[in-house]
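Visitor: I've got this one open on my screen. Could you walk me through it?

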Amino acid sequence: MKRRDLIRGAGLGLCVPLFETWNAKTAHGAANVATTATGAPLRLAFVYFPNGAQQANWFPTNQPAEELQLGPTMQPLEELKKHIQVISGLDQLNATAGNDGPGDHARANATFLTGARATKTAGADIHVGQSIDQLAATRLHGSTRFSSLELSCDAVRKSGGCDSGYSCAYQYNLSWRTATQPMAPETNPRALFERLFGLTDSSQTAMANRLSASERMSLLDYVLEDANDLRKELAVNDRRKLDEYLSSTRDIERRIGQASKFPIPDVPKDSVLPIGVPEKYADHLSLMFDMLALAMQTDATRVATLLMAADGSNRAFPDIGIPEGHHYLTHHQNETESHEKVGKIDLFYLEHFARFLKRLADISDTDGNSVLHNSMIVYGGGIGDGNKHNHDNLPIILAGNGGGTLHGGRYHSAGSVPMTNLYLSLIDRMGIDSIESFGDSTGRLDSI
Amino acid sequence: MNGDGIIALRGVSFILASHLQLRLPVNRAMWPRRIPFGACFAMFCLTAFSIHAADDDSSLISTQAARQILTQYCFDCHADGSSEGQFAIDELLAESDSEEVRRRWWKVLKNVRAEMMPPKSVEKMQPAVREQLLHWMQRSTLHLDQNNPDPGQVTLRRLNRTEYRNTIRDLMGIEFASEVEFPPDDTGHGFDTVADAMSVSPLLMEKYLLAAEQIVMEAVPLQHRVPQRVVVAGKAMTAAQGKQSAASNSFYSPIDVSAKFTVEHAAEYDLELDWEVDGSFDFDPGRCRVTLQLDGQDLWTQELAWSADKRSTDRFLRALPAGEHQIRFQLEPLVDKSKKSADIRFEIHEFRVTGPTDKSLWTMPVGYDRFFARSEPPLAQLEREQYAREVLEKFATRAFRRPVDLPTLDRVTLIAVDGFTRRGQSFERGIARAMAAILASPRFLFRIEEAAAYETLPDFPLIDEFALASRISYFLWSTMPDERLIALARSGRLRQELPAEVARMLADDRFRETSQNFVGQWLQTRDVETISIDPLEATASREEYDQLREQLKLHFGDDRSQYDRNDHPSEIQRLLERYRELRNLRGILDGNLRRDLRRETEALFYYIASQDRSLLELINARYSFLNQGLAKYYGLESLEGEQLRYVELPDSSPRGGVLTQGSFLIVTSNPTRTSPVKRGLFILDNLLGTPAPPPPAAVPELEQAAAAFSGRQPTLRELLELHRQDAMCASCHDRFDPLGLALENFNALGMWRSEEAGLPVDAKGELITGEAFSNLSELKQILASERRADFYTCFTEKLMTYALGRGPEYHDEIAIEQTVKDLEASGGRFSIAVLGVIQSPAFQRMRAKQ
């Protein structure tokens, strides 16, 4: 019996908490999950923008009805109209104060994909809920090279405390593998590129003596074995941290095990090769969207998140004539100038998103449709109006046609229902069955 | 109270083993949730006595006495149906003991200690009474037991990015850019050392694995003997004069360049030329002859024609005498420049000399002896395996910061043996692979702690000395313990030599970086490098600037040269000069200045810490660390040079202490104006340790109130005064507004101003605790005298949070109180705070593993 088998046989699976429901059935059934009726990959992505939206400019100019008439903020989406729906009346009530007092930005961020209430803590007992992308990722595990990708443009973080006594983990992570383990996002476009397409020349040279695949496997065997032994010696509380280590390592082990199934793709033509984190935020944002598009195009993953900026971001936009900070501006009630500036910032974010969508619309997928046609992309934030810090009627755009299952070109109201209802309807389309509820969901959103 | 009742913490860890404490069991489950008044009182007496029966603590007042104090000072607002701030102390008194109840008492204790309660408007509490009450709360409500102190829960800590980078540097001898390669660490309680906030995501794990491989392959020599290798880059081949080099040359320009290199032995060497023809996409008729000569003899010559891209390496074996040699490169064009249609160039990337080819002349590679004790591995298999074990035991002990257990050593040895036997790799390559496994192991990435074997307190044992060595080292150096700390731990002498070791570590250069990590996060100094701020808006000169630009444009038209001249009519000249002034202001906060502002605060802190001066100088120093740029920025007498240095501040200068430093003043401002609220809150949070309660939802914004000033731009002081007319707003704003407004003489850029919105700045105010001041310097005086204990407490808590990797807890109270007393007695010396943290039960002990 080989040592690898021995480790498996020794019941590693029993020691690692069952974070994932990955099993042979899902892997084999990969043909019907995250796949369109025409057999193309179906992607699910979430893009977050901070501090709510300047309401008057955000929502379409007509009443919720069939025809979509874009308001000022969404002008960049005009030519993509048939691919998008604007949905009003979606709420994240677990982001409201409740008994937790202030901290709307931290909660907005933490609740957005989880639909759960974040435990108010500056450190101990961090707890929110599994995020919808991770629910999808764990179910789809094995159908693509990466179960999911997490991206963020917050390469430099504010030091000191975060929002009103909430740990910064809530604000800088959108995606939660479990209720207690955030998925750290990648902020460096170069590193992301290397994950997608292998090491670039410069890194390759430094790695002239890399380990072979089998050496890597035996290294993983060792650390898993070691961690498993160590786990027995630890106090209960410490085991949680080691469990994160174990489950993350097993993830990688599986990925390496499937390497032959998912060869590293060639870099698509005309792709930029990023060097690192650009100095200008706008450039950084563009590059991260480019990387996301590449990942979707090459089917590296079917589940992704991009946090453009953590909620509460006080970034100034001097290049578009806004010297004030974003968060600061959102708190100027009824002052026309501030309103306009917040609208301009919303537009700035949306322009980047529109550019990304256009790119996806121009890429032809395996079934002849565009990648955008075969995607479901939620664009939005966890705060409605930045001035009010409300968490109902969130600014939400659903882009992509879900392989023909989403009906774009519309503005409609969900009434007043949990955002998680929308998530469930998307998860259904991903071919993930038997999820009855998620977060605070009360049903499905059938109108999409 | 004289403090005798509390065992001095100094050395407490060493004597505790001999203390046996009699504890009476109290069946808390039997307590009703609500109990009648009298019963409650009796119960409290009982609890107090039962727990402290063995204490000879004459200064502890009875619960009856405590109740009298509380009745006199607190009940008016917080009892008998009154519950200001949603708090009723009579209800709290009636609660039976629980963690949650203790946390509520802890809040009361902190408010009483900081003299926030009772408020100054109510009867003044005598210091002696306050002391009695505080002591009673510690003992009888928080149930702190100094003879069996709860160290709290420190979750398993992984190395953060900084610690990882430094540990790799010390362990492997190479620099690894973890801040580029790893995602940022999540923080908690304001620090990136807080264990609970740091997780291991699949992304990070992937990066850990890749890094382990990359680091080992870069740092560990894979052979025990290597040939000498000289690399002459193309750009290093130059002509005696001019800028020509062999790096890249057109086929149409002749060139003759050379370089020298040296070989050690008279022997045969392997020579390689790595070259490339780099042509434009379109054909070009250019041709040339290239020649490489070694010591005057042709080595290589070729006639080349257009090729879009052709790279090649040519090799030669040559016997060379020992000593210096010359390599010469010539390019001779064969087609006239006039024929050139596109572009074609010849490039030499490198000329490499490797050798001698005779292996017996090879030498030990650089860094070999860092990892390998012998100059070469033994040949016999058994000896080889035994030696591999020795090498890996030494390495793993260093990497894990504690002795490696046998099963682990067996496993890593097996990895190495598998490499150099079954896979036919070199001995060193096998070892390197095992080392990569060690660097990816949780024992390296996490700080594994064990209890000391000789401990006698079963619930809260001392940590063993290896764990202690790591705790101190990561606290003071942000890196692994050095050989000396490990040696002391091994011989069990670290605890007894702790003060001397701490002194040694504070004097070491490694402490400098930690001091930056700490202060950079505590005072958010780091953020000054990235925060957005608009100098023109911040100085209310944007409009003027735009107008000037328009005016000058009208006058000069598109003739840019006019802007540089100084012979304009006086009216225009005046406008131009003001324009230049504002243009400079606009770009003033460049990268250099921001970096210097950060360094100034870091330098002040490091000076106080490394010279073991009083922490109060953080508030009231009459010196700072400046260079040319900073002195100019602060409007001080000019200095020369980039280097920051100690400068005594003139009496006339308002600067001195962190509150007057650009870093603090900028990071607490909005991008376009100062924020007295942010500044005030910052002082409460980070200097006084008395954070204000959070604001209620939907507070009207300041600017909204501007309507009341009928068109006139009000000052921030006026706006805040208006805001405070609402009693609810005032209850909190009274705490921080006066602090922030005292700093209004500094604009959002941290520059001095005497006016704001056209009115003279009024910096006077009064603290919530009653001390009045008329300007910032008096406020600083108050912070460093009357409110000194608050500052010491706050500082100790911050340092403790950073050191322990968890937030302060109520059971840390005794240690914090003792440290503050010691700081008082020592005049606030930094090392006292460090020792206070290091000798606290929280640092010395752990909760027994369950």
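Visitor: How many bridges join strand S6 and strand S7 of chain B?

Guide: This is a predicted model, where local features need pLDDT of at least 70, side-chain atom pairs count only at pLDDT 80 or more, and totals for chains, interfaces and linings use all residues. Residues are numbered from 1 along each chain as its sequence is written, with chains lettered from A and ligands numbered from 1 in the order written. Strands (E, at least two residues) and helices (H or I, at least four) are DSSP runs numbered from the N terminus, and two strands pair if DSSP finds at least two bridges between them. S6 (287-294) and S7 (297-305) of chain B run antiparallel, and the count is eight bridges.

Visitor: Which residue in that hairpin takes a positive phi?

Guide: Across the pair, B:Cys288 sits opposite B:Leu304. Two residues lie between the strands, and the one with phi near 50° is B:Asp295.

Visitor: How many residues of H14(B) are buried?

Guide: Helix H14 of chain B covers residues 427-440. Buried takes 20 or more other C-beta atoms within 10 Å of a residue's own, placed from the backbone; exposed is 12 or fewer, partly exposed in between. H14(B) is mostly covered, the tally being 14 of 14.

Visitor: Which element of chain A gives the most to the side touching chain B?

Guide: Contact means C-beta atoms, placed from the backbone, within 7 Å; 68 residues of chain A meet 65 of chain B that way. Helices H7, H10 and H11 and strand S6 of chain A each supply at least two residues to that side. With 11 residues, the top giver is H11(A).

Technical notes:
The expected span of a helix is 1.5 Å times one less than its number of residues. Two residues are in contact if their C-beta atoms, placed from the backbone, lie within 7 Å.
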